[in-house]
Amino acid sequence: MILFASVNQEECIACGACNSAAPDIFDLDDSGIATVVFAGDNNRGVTAIAEELQEELQEAFDSCPTQCIQLAESPFA
Ligand code: SF4
């Protein structure tokens, strides 16, 4: 299943777990808040995450302590 991803940044506690699990999908800003950077998505959730990264994406999702990584089967916007 191909998924789209976006971080609810208001709930992100800047722990870095998602970036460790999936550095090609999530990056951290200067404050440590995560954003989806895959293919220039800029956290809009409109870019399908590549099939070969789906496992990493799931690991990041599972590792987020605040469940602020949102996944969907269709684009967020
Ligand atoms: S794992 Fe969750 S709380 Fe931690 S930096 Fe990533 S999005 Fe934020």
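# A tour of the predicted model

Start with the protein chain in cartoon view: it has 2 helices and 4 strands, where helices (H or I, at least four residues) and strands (E, at least two) are DSSP runs numbered from the N terminus. Traced from the N terminus, the order of elements is β-α-β-β-α-β. This is a predicted model, in which local features need pLDDT of at least 70 and side-chain atom pairs count only at pLDDT 80 or more, while totals for chains, interfaces and linings use all residues. Residues are numbered from 1 along each chain as its sequence is written, and side-chain values use heavy atoms, with hydrogens and water left out.

Next, show the C-alpha atoms of the protein chain; along the principal axes they fill a box of roughly 30 × 25 × 20 Å. Colour by burial: 42% of the 77 residues are buried, that is, under 20% relative accessible area with a 1.4 Å probe, protein chains only.

Last, go to Thr35 in strand S3 (residues 34-36). Thr35 counts as buried because its relative accessibility is 17%. Leaving out residues up to four places away in sequence, Thr35 touches Gln9, Ile25, Phe26, Asp27, Asn42 and Asn43, contact meaning heavy atoms within 4.5 Å.

Technical notes. Buried means under 20% relative accessible area, exposed over 50%, partly exposed in between (1.4 Å probe, protein chains only).
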